[in-house]
Amino acid sequence: MAGRVHVDDSVIERRLRPLRGTNKKAVQEADKVLRKQPALHCARVLKGLALLRLGRRGECEALVAAVTKDAPTDEATLQALTICYREMHTPDQICRVYENAVKGEPGNEELLSHLFMSYVRVGDYKNQHQAAMKLYKLKPKNPYYFWAVMSHVMQAHKLGDAKSKEVCLLLAERMVNNFVKNGKIEAEAEVMTYLHILETQGKYEEALAVVDGPLASRVIHQPGNFLPLRRAHYHTRLKHWAQAATVYRDLITQEPDNWQHYVEYIRSVIHLTTEASPAEDPIAEAAEFLSGVRRKAVEERNKDRGPVLGLLQLAKALQEAGWGGRIEALCGDPLDLLLSYIEGYGDKMCCYGDLVNFLALVPGARVGELLGRVRALCRLSASGVPLDETHTANENPAFANGVVKTPTTALNTGRKMVTRISGATGAARGVYERCDMKHIQLDTLGHVLALQALDTGSYTTAAAIFSNTLKFFMANYKDTSDPLISSYKYGSLTRIPEFVEFRERLSNSLHFATVTAEQMLLDLTSDVSSHGQLVEAVQQMDIDPATDRTDWHHLTDNRDLAVMNTWEPPHRCLQEEDIVASVAADTALLRLRNLTLRLVGAACALTHPPHHHNTLSSTANKENR
Amino acid sequence: MTTLRPFRCEDMFHFNNVNLDPLTETYGLSFYLQYLAHWPEYFQVAESSSGVIMGYIMGKAEGHGENWHGHVTALTVAPEYRRLGLAKQLMAILEDISEKKRCYFVDLFVRVSNVVAITMYKKLGYIVYRTVLQYYSGDPDEDAYGGWLEHEKLLVASPPDCSAHAQFPPHWSKGVLVCGRPDWTGLNRSRLPRKT
Ligand SMILES: CC(C)(COP(=O)(O)OP(=O)(O)OC[C@H]1O[C@@H](n2cnc3c(N)ncnc32)[C@H](O)[C@@H]1OP(=O)(O)O)[C@@H](O)C(=O)NCCC(=O)NCCS
């Protein structure tokens with residue numbers, strides 16, 4: 001599933017040309033229609049849309065505002081208005097359009113559901129709730145009722161203080177309870193929503209009753225482990241260690257390679273031990289069980305790594321709990337366990353990652369022994385070069401050479417290497433482009449080459465990256481709105497809070513804020529050559545010298561810093577403190593850049609009275625907040 | 001050590017070690033989110049014990065009548081974690097869910113040049129039943145749904161015996177035919193807001 005190669009500007013320009021032509025033509029066609037039928041709403045809006053796309057926003061605004069005032073109710077006009085307001089980045093206007101339409105036809109289900117969705121787009125949960133209830137009264141369908149339930153949940157999600165949150169969640173729970181009592185629950189989505197509400201409130205007893213009760217039979221399309229995992233999770237939260245251990249144990253039997261089951265199983269067993277009566281020894285039982293799982297896997301010679309590592313996890317847990325003395329008797333010699341894993345997986349890249357957390361089980365005095373035994377596992381040439389079945393010592397260098405030159409390997413490594421290149425911006429840009437970084441990578445990997453290009457004076461590179469980056473962030477709002485609407489339509493209601501959090505994390509990105517400031521400074525330093533131009537540029541940027549609109553407390557660091565494997569000793573790896581310090585430094589730099597911008601803004605305001613001008617970027621920014 | 005679990009939005013912040021592979025496409029946000037909204041159970045991820053994303057699968061259920069089937073949209077495993085059976089396990093989840101949804105078969109598209117993937121699908125019991133000239137024929141500017149180079153030959157694979165509708169593999173249930181998400185009942189779809 002290869003990426004499309006990078007499209008240069010001339011291609012984009014060529015593609016846009018006919019489109020511009022089409023818009024011009026659309027205006028002419030609309031005028032023709034309007035000459036015959038001057039009041040035709042849809043034609044007026046379509047003309048407005050074409051004008052907007054031609055960059056004549058003011059004329060468009062006047063046209064659509066006039067139509068909106070007439071409160072149209074026909075689908076074509078409403079859809080055109082929706083598109084128009086979305087392109088103008090004023091989704092709240094869509095709510096007004098449908099509010100008026102619904103006033104005209106209060107019994108129209110379709111209009112009401114459009115109204116509901118328009119509130120979803122702007123996150124107006126109170127009105128969402130009311131629209132959903134009106135829909136349910138009009139047509140008593142379960143999804144409408146659950147749209148209303150979910151509106152309460154989202155209201156809780158939005159509210160800051162604990163008390164109001166609690167009230168909203170209680171309201172949601174009560175609505176569902178009502179439905180349960182009357183036997184009206186029908187779909188999996190409804191049960192999932194119920195569980196979500198109970199979990200958010202920490203009501204695990206109630207949630208347990210749901211997964212153990214008749215409603216569980218509605219959950220039919222989830223992976224096989226869904227219900228047992230929920231059940232085990234609730235038991236854990238309720239500190240029912242014995243029950244939790246039983247469920248996880250069954251899960252290990254069914255899915256011996258799913259690691260989460262081992263971690264949780266062993267955690268519950270350790271907890272259980274502190275509470276067990278002297279007659280029982282849950283740890284010994286667990287060790288026996290895990291040995292059995294391991295034996296079975298070895299006999300079957302399958303690829304599962306979980307069974308081989310289970311006993312090591314138990315040994316690690318014992319050591320952490322201060323029961324290191326029991327390891328040898330229960331799990332065997334950790335060295336043997338490590339080696340039996342290495343025998344099977346020593347030639348795989350996963351080996352290091354799988355074992356690194358267990359290396360502490362080997363006492364310092366035995367490290368030499370471990371290394372000696374690992375060495376004995378490898379076939380070495382006389383000069384100490386590892387051999388394998390397919391290559392002799394002499395063939396190895398040639399093979400390695402071939403691998404490096406294979407386009408795929410080279411590209412793959414090159415992609416990761418870009419993170420290491422600094423200074424050589426030209427070369428870095430080449431690699432960067434081949435990496436085909438786009439969409440969310442502009443945020444998560446943007447730190448590898450955006451500001452660096454600026455620092456080395458590669459302004460065209462910087463400008464190109466900034467522009468792509470800002471385009472991505474500006475579209476975030478729209479890109480996440482449609483899926484939100486789909487979640488309501490398709491019943492993936494429990495995903496809604498997740499989508500909203502994701503959207504917020506993106507719009508609070510520190511990288512977004514930084515690139516926005518840098519882009520403005522770049523524009524001011526590169527595009528401006530007279531005082532008049534400066535004043536105009538500052539006005540367009542909508543800089544407010546008095547206030548900084550950055551939400552400093554919520555800025556998020558979205559960098560992906562784990563793209564490359566590292567085999568450095570722990571003290572040479574990236575530490576949490578380093579990350580915290582770099583975020584602090586970047587935040588301080590952003591403050592400085594924002595202050596600089598405000599100073600320039602203030603200087604301009606002293607010479608010219610401020611005149612507010614809403615540019616596309618500044619409104620889109622507000623929408624994203 | 002691998003944990004298999006449903007994909008979450010936040011996984012997108014650190015799936016680069018998988019997506020930087022040249023055969024794996026990074027799509028626009030709405031593409032991933034629409035899959036999570038429509039077919040959340042079909043989007044599963046394999047995660048290592050230290051929280052590294054090792055691979056993931058995205059899929060959907062679609063088609064009408066006898067053509068109601070599961071579809072693999074993307075399957076990818078980071079180079080470090082290949083040949084450990086991860087793709088096989090991810091496919092098993094997708095097949096299990098397809099069976100629960102009473103799908104008749106599972107299909108997918110793969111580039112003719114992607115020998116590794118074709119070998120794997122064959123090993124998993126899929127057969128190549130059609131070669132299409134151009135899988136991707138939509139608006140070339142619609143990046144989100146693109147990714148395939150145009151004019152490249154693609155193979156369509158599916159489990160054996162699915163090409164002829166008469167012969168379904170015996171273990172695939174043949175109950176009621178349902179179109180759309182069968183569990184989400186009660187809505188008159190035609191009356192729902194259309195995507196604008
Ligand atoms: C194709 C891909 C998903 C396979 O992932 P994987 O986790 O390594 O696959 P598995 O370990 O589950 O392999 C299952 C079987 O497929 C076959 N197989 C997989 N990779 C193979 C290879 N490189 N050579 C030969 N056979 C291979 C083997 O028979 C294997 O079983 P075995 O190891 O017991 O012999 C992975 O190579 C990948 O991500 N490629 C890039 C993205 C891509 O091409 N995706 C497919 C597009 S639809």
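A residue is called buried when its relative accessible area is under 20%, exposed when that area is over 50%, and partly exposed in between. With that in hand, welcome to a set of close-ups of a predicted model.

**Figure 1. A buried salt-bridge pair, Asp436(A) and Lys438(A).** In this view, Asp436(A) and Lys438(A) join in a salt bridge whose closest N and O atoms are 3.1 Å apart. Both partners fall in the buried class: Asp436(A) is buried, and so is Lys438(A). For context, the whole structure holds 35 salt bridges over all chains.

**Figure 2. Lys47(A) and Asp31(A) link two helices of chain A.** Here the side chains of Lys47(A) and Asp31(A) form a salt bridge, with an N to O distance of 2.9 Å. Lys47(A) belongs to helix α2 (residues 41–53) and Asp31(A) to helix α1 (residues 9–36), so the pair ties together parts that are 16 residues apart in sequence. How accessible is Lys47(A), buried or exposed? Its relative accessibility is 18%, so Lys47(A) counts as buried. Asp31(A), with a relative accessible area of 26%, is partly exposed.

Figure 3. The closest N and O atoms of the salt bridge between Asp548(A) and Arg598(A) are 4.0 Å apart. Asp548(A) sits in the loop between α29 (531–541) and α30 (576–607) of chain A, while Arg598(A) is in helix α30, so this contact ties together parts that are 50 residues apart in sequence. At a relative accessible area of 26%, Asp548(A) is partly exposed.

**Figure 4. The ligand and the residues around it.** Which chains surround the ligand? Residues from chains A and B do, so the site is shared between chains. There are 23 residues around the ligand, and those that come nearest are Lys303(A), Val77(B), Arg83(B), Gly85(B) and Asn114(B). On the chain B side, β4 (69–77), α3 (86–100) and α4 (115–123) each supply at least two residues of the shell. Of the elements involved, α4(B) gives the most, with 6 residues.

**Figure 5. Backbone atoms of chain B facing ligand oxygens.** A polar backbone atom of Val77(B) is 2.8 Å from an oxygen atom of the ligand. For Lys88(B), a backbone N or O atom lies 2.9 Å from a ligand oxygen. A polar backbone atom of Leu84(B) is 3.4 Å from an oxygen atom of the ligand. The ligand on its own would expose 920 Å², and the protein buries 85% of that area.

**Figure 6. Pro79(B) and the layout of chain B.** Pro79(B) is placed in the loop between β4 and α3 of chain B. Its relative accessible area is 28%, so Pro79(B) is partly exposed. Between the C-alpha atoms of Pro79(B) and Asn114(B) there are 15 Å, the two residues being 35 apart along the chain. Starting at the N terminus, the elements of chain B run β-α-α-β-β-β-α-β-α-β-β. Chain B has 196 residues, and buried residues make up 57% of them.

Figure 7. Although Lys239(A) is not a glycine, its phi is positive, at about 60 degrees. Lys239(A) is in the loop between α12 (226–237) and α13 (241–254) of chain A. With 57% relative accessibility, Lys239(A) counts as exposed. Arg102(B), also a residue other than glycine, has a positive phi near 60 degrees. Arg102(B) is found in the loop between α3 and β5 (105–111) of chain B, and its 36% relative accessibility makes it partly exposed.

**Figure 8. A nonpolar surface patch on chain A.** Met349(A), Tyr352(A), Val356(A), Leu359(A) and Trp567(A) make up a nonpolar surface patch of about 470 Å². Met349(A) lies in the loop between α18 (334–345) and α19 (350–355) of chain A. Its relative accessibility is 45%, so Met349(A) counts as partly exposed.

**Figure 9. Helix α8 (residues 142–158) of chain A.** Why is α8(A) described as largely enclosed by the rest of the structure? Because 15 of its 17 residues are buried. The geometry is agreeable too: at 1.5 Å a residue the helix should span 24 Å, and its end C-alpha atoms are 24 Å apart.

Definitions and conventions
Residues numbered from 1 in each chain as written. Chains lettered and ligands numbered in written order. Predicted model: local features only at pLDDT ≥ 70, side-chain atom pairs only at ≥ 80, totals over all residues. Heavy atoms only, no water. Patch = residues over 30% accessible without salt bridge, like charges linked within 9 Å, V, L, I, M, F, W, Y side chains within 5 Å. Areas by Shrake-Rupley, 256 points an atom, 1.4 Å probe, with all protein chains shown as cover. Helix = DSSP H or I, 4+ residues; strand = E, 2+ residues; numbered from the N terminus. Buried < 20%, exposed > 50% of the residue type's maximum accessible area, 1.4 Å probe, protein only. Expected span 1.5 Å × (residues − 1). Near = heavy atom within 4 Å. Polar contact = N/O pair within 3.5 Å; in protein donor to acceptor, adjacent residues only side chain to side chain.
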